[in-house]
Amino acid sequence: MLEAISRILGRCGSVASVLPPTELFNEGWMLRLVLDWLDRNRQVEHPLSFRAGARWYSEALLPSRFLPKTRGDSRAESFTHADGIIGHFGVASGVRGDATLLPDAKQFVVTEAKLGSGLSAGTKNALAYDQAARNVACMAYMLGDKGIDPSAVDRLAFYVVAPDVQVKSGVFADLVTKESIERKVRERVRSYEGAHDAWFKSTFLPTLERIELGILSWEAVLAALPKTKETELMSEFYGQCLRFNPLRARNEMRSNPSI
């Protein structure tokens with residue numbers, strides 16, 4: 001069956017394709033190719049490099065401080081899907097992919113991959129609680145849940161990875177900042193009327209102080225890899241991703257609260 005799947009996917013983007021090309025040429029597969037390469041070439045220095053003993057996982061579920069306590073909780077949100085996690089963590093068995101940090105975790109990096117779209121503006125129960133704020137708040141919750149001091153984590157980061165032209169347009173610049181994230185998480189906490197104030201002060205703020213935030217272009221991510229036949233093929237794959245994922249207009253890049 002794996003051979004059949006490979007054969008079907010291999011036809012994507014050609015006149016013989018039986019699937020939309022974006023089933024293969026998308027940000028998810030682009031990120032997986034990069035992380036898989038870095039996993040197999042750990043000696044390479046890179047913003048997404050692996051520490052000893054670290055692993056990666058795509059589409060893991062990050063738990064939130066604001067999960068529903070009762071049915072119909074009008075302020076709650078669901079788990080957050082992480083495009084990629086690098087670090088010392090486990091993933092629950094079964095189909096969901098719930099992630100939990102190891103108690104002695106020294107690396108915890110979450111990546112949000114984009115190809116044309118922007119960060120979501122919020123959740124359906126918190127319209128201003130954007131994707132960057134949500135990811136960082138989930139990371140803080142996961143650290144606190146295991147009693148991990150953020151200062152004890154050698155590599156703690158949240159990155160958005162997107163096409164260079166999109167990065168240069170500035171669509172992410174005012175969202176992936178500590179000021180923006182603190183303000184939006186503070187507003188989220190305030191809506192609970194004190195229930196999460198202690199967590200915000202003791203866990204979230206120390207995490208925000210320690211975490212590295214960044215916006216990486218796919219072009220820079222690929223350029224930082226050694227030139228080999230495999231990395232050249234990755235660059236060609238990225239070219240196909242750009243071909244089949246045209247950039248959206250700027251005013252369409254902050255929409256669709258869905259969680």
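This briefing describes the overall build of a protein and one of its strands, β4. The model is predicted, so local features need pLDDT of at least 70 and side-chain atom pairs count only at pLDDT 80 or more, while totals for chains, interfaces and linings use all residues. Residues are numbered from 1 along each chain as its sequence is written, and side-chain values use heavy atoms, with hydrogens and water left out.

**Overall build**

- The protein contains eight helices and nine strands; helices (H or I, at least four residues) and strands (E, at least two) are DSSP runs, numbered from the N terminus.
- The C-alpha trace spans about 60 × 40 × 40 Å along its principal axes.
- A compact globule of 259 residues would have a radius of gyration near 18 Å, and the value of 19 Å for the protein agrees with this; the radius is taken over C-alpha atoms, and the globule rule is 2.2 Å times the number of residues to the power 0.38.
- Of the 259 residues, 48% are buried, that is, under 20% relative accessible area with a 1.4 Å probe, protein chains only.

- Strand β1 (residues 55-57) pairs with β4 in the antiparallel sense over three bridges; two strands pair if DSSP finds at least two bridges between them.
- The bridge partner of R55 in β4 is G87.
- Strand β7 (residues 107-113) also pairs with β4 in the antiparallel sense, over four bridges, and I86 stands opposite V109 in β7.

Conventions
Buried < 20%, exposed > 50% of the residue type's maximum accessible area, 1.4 Å probe, protein only.
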